[in-house]
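My notes follow the structure, so please keep it in view.

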Amino acid sequence: AALFAALLVGCPSDAPIEEPTPDPLVAVAGADQYALIGEPLTLDGAGSQGATTWAWTVLGETSGPTPSARLDLVIDRPGHHVVVLTVADPAGRTATDSLVVTVHEPPTAEPISNASSVVGDGERLWVVLPDFDLVAAVDLSSGDVEHLPVCGAPASLALRDGALAVACPGDDAVELWSTADSSLIDRFELPFGSAPTAAVWTGPGSVDVVLAQTGEVAHVDAA
């Protein structure tokens with residue numbers, strides 16, 4: 001009987017062996033970027049998790065994979081370009097993420113000198129924050145600040161009858177915002193690469209926009 005018990009104790013268990021859970025693999029390509037033709041850019045995927053190699057696909061060509069998360073490059077073609085990051089880990093797993101690089105022609109005309117980046121109505125001030133794609137609305141009595149998520153790289157503002165016109169060369173667009181409730185009223189897309197740098201109210205529902213890239217003035221009917 002003792003021998004039988006010993007044999008039972010020595011038998012291997014049929015319980016399944018749990019495999020260790022692999023670390024997560026997450027690709028992070030970074031924020032969208034803006035550049036002029038010929039201007040150096042740096043792509044950085046260092047925010048990725050679990051990655052040991054990085055490969056970037058730009059304009060249909062792939063650089064890598066390499067052990068470096070960064071890629072320095074120059075794009076010589078205007079447009080909105082989707083850049084894809086593919087990361088891999090030692091187990092052979094892959095993950096992808098993407099960003100958009102917007103490339104413009106170098107400017108051929110200077111923005112008008114009296115384009116206003118700050119406007120006010122006696123109670124509030126509105127200030128462009130082009131690096132953050134925001135307009136800050138400052139309450140002059142309380143000091144409170146509200147941020148409006150406007151179009152890309154806002155350059156100038158114009159105020160009339162409770163409506164704020166915002167010219168954005170980063171998106172080639174003009175947006176109208178309500179000063180009453182800080183809501184977006186309308187958005188007007190302009191030709192790609194036109195770089196609107198100043199918007200001026202010329203009448204009720206009528207906005208003229210200076211296009212720095214062409215030296216022309218576009219008329220927007222906002223009625």
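Here are my entries, from the whole chain down to single residues.

**Ground rules**

I am working with a predicted model, where local features need pLDDT of at least 70 and side-chain atom pairs count only at pLDDT 80 or more, while totals for chains, interfaces and linings use all residues. Numbering runs from 1 along each chain as its sequence is written, and side-chain values use heavy atoms, with hydrogens and water left out.

**Confidence**

I looked up pLDDT, the predictor's confidence in each residue, from 0 to 100. The mean for the protein chain is 86, and 87% of its residues reach 70 or more. Where is confidence lowest in the protein chain? I found it in helix α1 (residues 2–9), at a mean of 47, while the highest is in β3, at 96.

I noted two stretches with pLDDT under 50. For residues 3–9 the model has zero contacts beyond four places in sequence, a contact being heavy atoms within 4.5 Å. For residues 109–115 it has eight such contacts.

**The whole chain**

Of its 223 residues, 37% count as buried. Buried means under 20% relative accessible area, exposed over 50%, and partly exposed in between, with a 1.4 Å probe and protein chains only.

I also looked at the contacts with a separation of 6 or more: residues 24 or more positions apart account for 44% of them. The chain exposes about 12500 Å², and carbon and sulfur atoms supply 56% of that. Accessible areas come from the Shrake-Rupley method with a 1.4 Å probe, and for residues only the protein chains shown count as cover.

**Nonpolar cores**

I searched for nonpolar cores, meaning sets of buried Ala, Val, Leu, Ile, Met, Phe, Trp, Tyr and Cys residues joined through side-chain atoms within 4.5 Å. The largest has 21 residues, and Leu43, Trp56, Val87 and Val101 have the most contacts inside it. Strands β2 (40–44), β3 (53–58), β5 (70–74), β6 (79–88) and β7 (94–104) each supply at least two of its residues. Which strand gives the most to this core? I noted β7, with four residues.

I then picked Val101 and listed what it touches, not counting residues up to four places away in sequence. The list is Gln33, Leu41, Leu43, Ile75, Gly79, His80, His81 and Val83. A second, separate core of 15 residues includes Ala163, Ala199, Val207 and Val220.

**Salt bridges**

How many salt bridges does the structure hold? I found six, where a salt bridge is a side-chain nitrogen of Lys or Arg within 4 Å of a carboxyl oxygen of Asp or Glu.

Arg70 pairs with Asp44, with the closest N and O atoms 3.6 Å apart. This pair links distant parts of the chain, from strand β5 to strand β2, 26 residues apart. Arg70 is partly exposed at 49% relative accessibility, and Asp44 is also partly exposed, at 32%. Leaving aside its neighbours within four places in sequence, Arg70 is in contact with Thr42, Leu43, Asp44 and Trp56. I checked one C-alpha separation too: Arg70 and Ala55, 15 residues apart along the chain, are separated by 9.5 Å.

Arg160 and Asp161 meet at 3.4 Å, N to O. Arg160 is partly exposed at 29%, whereas Asp161 counts as exposed at 69%.

Asp171 and Arg187 meet at 3.7 Å, N to O. Asp171 lies in the loop between β13 (163–168) and β14 (173–178) and Arg187 in strand β15 (residues 184–189), so their bridge ties together parts that are 16 residues apart in sequence. Asp171 is partly exposed at 24%, and Arg187 is partly exposed at 31%.

**A surface patch**

My last entry is a nonpolar patch on the surface, formed by Val118, Leu125 and Leu140, with about 230 Å² of accessible area together. Patches are made of residues with over 30% relative accessible area and no salt bridge; like charges are joined within 9 Å, and nonpolar side chains (Val, Leu, Ile, Met, Phe, Trp, Tyr) within 5 Å. Leu125 lies in strand β9 (residues 124–129) and counts as partly exposed at 31% relative accessibility.
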